Amino acid sequence: MSQVMERAAVIDTTPDVPLVRVEGVTLQYKTPEHLVTATYRVSFDIHKQDRLVLLGPSGCGKSTLLKAIAGFLHPVEGRITLKDKVIDGPGPDRMMVFQEFDQLLPWKTVAANVAYPMLINGVGRDEAMARARDALAKVNLTKFIDAYPHMLSGGMKQRVAIARAMAMKPDVLLMDEPYAALDALTRRKMQEELLHLWNDVGFTLVFVTHSIEEAVVVGSRVVVLSPHPGQVRAELNCHDLDFTQRDSVEFGRLTARISHMLFDSQTIAH
Ligand SMILES: Nc1ncnc2c1ncn2[C@@H]1O[C@H](COP(=O)(O)OP(=O)(O)OP(=O)(O)O)[C@@H](O)[C@H]1O
Ligand SMILES: [Mg+2]
C-alpha cells in the first residue's frame with residue numbers, strides 16, 4: 001500500500017467537519033453587454049487534508065469557483081465559508097498557484113520570491129528566509145535558491161510557485177491547472193511530487209483541471225461539473241486508488257466512468 005493510501009485511510013476516520021463549505025453558489029460576471037452565469041447553485045464541502053479536484057470542460061466555471069474561494073469574486077446566490085466564516089475577500093489563509101509560468105517576480109531570486117508574501121504579511125526577514133529555504137527544500141530546489149526565474153525551466157518555476165504558497169502555511173492551497181502547460185513527462189512527475197509533498201506536509205488542496213487522468217491521480221475526491229453554466233454532476237471518492245497504478249483496472253474503470261459523465265449529456269447526477 002502506498003504512503004498516500006495510508007494517509008487517506010487516516011482521513012476517513014476524522015470527524016466530519018468541513019473546513020470550507022460551498023453552498024448553493026451561483027457566480028456571475030457582468031459585462032456592459034451581457035450577464036454571464038458561470039456557475040449555478042454549486043455545493044460541495046472541503047475537509048481538512050482533502051485533495052479536492054474540480055473537473056469539467058472548458059468554460060464550466062472551474063477558475064471562477066477557485067477565484068470565489070480565494071475571495072476575488074462574491075456569489076450572487078449562496079455562500080462560501082472558511083471555518084464557518086463567510087469569505088468576504090482574499091487572505092493569506094488561501095494561497096493560489098496559477099497555470100502561467102510568469103507568476104514569479106523576474107527581478108527577485110527564487111528565495112526572495114518565496115519570502116516575499118511572508119514579508120508583506122508581517123513575517124520577520126530571518127523567519128521568512130528560513131521558511132523559504134525549508135519550502136524550497138521540500139520541492140527539491142535547494143540548489144536554485146539564488147537563481148533568477150529566467151534561469152529555471154517551466155516545471156521548476158511551478159515548483160517555486162508551490163513553495164511560495166506552501167511557505168505561507170495557508171489553510172487551503174488553490175491550484176488552477178498548474179501543470180497544463182508542461183510536457184507530458186514533466187506533468188506526470190509534478191503530479192507525483194505534489195502527492196509526496198501532501199503526504200509529508202498534509203495540506204488541504206483544491207486543484208482545478210480538465211484532464212480526467214490528472215483528476216483521478218491528484219484527487220482524493222473529484223467534483224465533476226457540467227458544461228456552462230457549471231453545476232455539480234457528480235462527486236467521486238478516489239481515496240482507495242493508488243496513484244502509482246495508472247494501468248490498473250480500477251483506474252481505468254473510474255476514468256471511463258468520468259469520461260462517460262463528461263461526454264454524455266444525458267448522464268444524471270448521482
Ligand atoms: N472576466 C470575465 N468576464 C466575463 N465573463 C467571464 C470572465 N471570466 C470568465 N467568464 C466566463 O465565465 C464562464 C466560466 O469561465 P471560467 O474561466 O471559470 O471557466 P473554466 O472552467 O475555468 O474554463 P477553462 O477550462 O477554459 O479554464 C465562461 O463562460 C467565461 O466566458
Ligand atoms: Mg480556467
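Around ligand 1, the shell is made up of four nonpolar residues, nine polar residues and one charged residue. The model is predicted. Its protein chain has a mean pLDDT of 90, and 92% of the residues reach 70 or more. Strand β8 is mostly covered, and helix α2 is largely enclosed by the rest of the structure.

**Ligand 1 and helix α2**

- The shell around ligand 1 holds 14 residues. Those that come nearest are Tyr-29, Ser-58, Lys-62, Ser-63 and Thr-64.
- Strand β2 (35–47) and helix α2 (62–70) each supply at least two residues of this shell.
- Helix α2 gives the largest share, with three residues.
- Why is α2 described as largely enclosed by the rest of the structure? Because seven of its nine residues are buried.
- The buried residues of α2 are Lys-62, Thr-64, Leu-65, Leu-66, Ala-68, Ile-69 and Ala-70. Lys-62 and Thr-64 are also among the residues that come nearest to ligand 1.

**The antiparallel sheet**

- Strands β2, β1, β4 and β5 form an open sheet, in the order β2-β1-β4-β5, with antiparallel pairing. The edge strands are β2 and β5, and each pairs on one side only.
- Strand β1 (residues 18–30) is joined to β2 by nine bridges, and the two run antiparallel.
- Tyr-29 stands opposite Val-36 in β2. Tyr-29 is also one of the residues that come nearest to ligand 1.

- Strand β8 covers residues 205–209, and five of its five residues are buried.
- In a regular strand, side chains alternate between the two faces of the sheet.
- Both faces of β8 are covered. Leu-205, Phe-207 and Thr-209 lie on one side, Val-206 and Val-208 lie on the other, and all are buried.
- Strand β3 (residues 51–55) pairs with β8 in the parallel sense over five bridges. Val-53 stands opposite Phe-207 in this strand.
- Strand β7 (residues 172–176) also pairs with β8 in the parallel sense, over four bridges.
- Which residue of β8 is the bridge partner of Met-175? The partner is Phe-207.
- From β7 the chain crosses through helix α6 (residues 184–201) to β8. This β-α-β crossover is right-handed.

- Phe-203 sits in the loop between α6 and β8.
- Is Phe-203 buried or partly exposed? Phe-203 counts as partly exposed, because it has 19 C-beta neighbours inside 10 Å and a buried residue needs 20 or more.
- Leaving aside neighbours within four places in sequence, Phe-203 is in contact with Met-166, Leu-173 and Trp-198.
- Phe-203 and Val-172 are 31 residues apart in sequence. Their C-alpha atoms are 7.1 Å apart in space.

- Arg-41 has a positive phi of about 45°, although it is not a glycine. Its place is in strand β2.
- Arg-41 has 15 C-beta neighbours inside 10 Å, so it counts as partly exposed.
- Lys-83 is another residue other than glycine with a positive phi, near 50°. Lys-83 is found in the loop between β4 (77–82) and β5 (85–86).
- Lys-83 has 13 C-beta neighbours inside 10 Å, so it counts as partly exposed.
- Where is the cis peptide bond between His-228 and Pro-229 placed? Pro-229 lies in the loop between β9 (221–225) and β10 (232–237). The omega of this bond is about -10°.

- Over residues 1–14, pLDDT stays under 50. The model has 13 contacts beyond four places in sequence for this stretch.
- Over residues 266–270, pLDDT also stays under 50. Here the model has seven contacts beyond four places in sequence.

Notes
Residues numbered from 1 in each chain as written. Chains lettered and ligands numbered in written order. Predicted model: local features only at pLDDT ≥ 70, side-chain atom pairs only at ≥ 80, totals over all residues. Buried ≥ 20, exposed ≤ 12 C-beta atoms within 10 Å, placed from the backbone. Pairing = 2+ DSSP bridges. Right-handed = clockwise from strand over helix to strand, strands pointing away. Near = placed C-beta within 6 Å. Nonpolar A, V, L, I, M, F, W, Y, C, P; charged D, E, K, R; others polar. pLDDT = per-residue confidence, 0-100. Contact = placed C-beta atoms within 7 Å.
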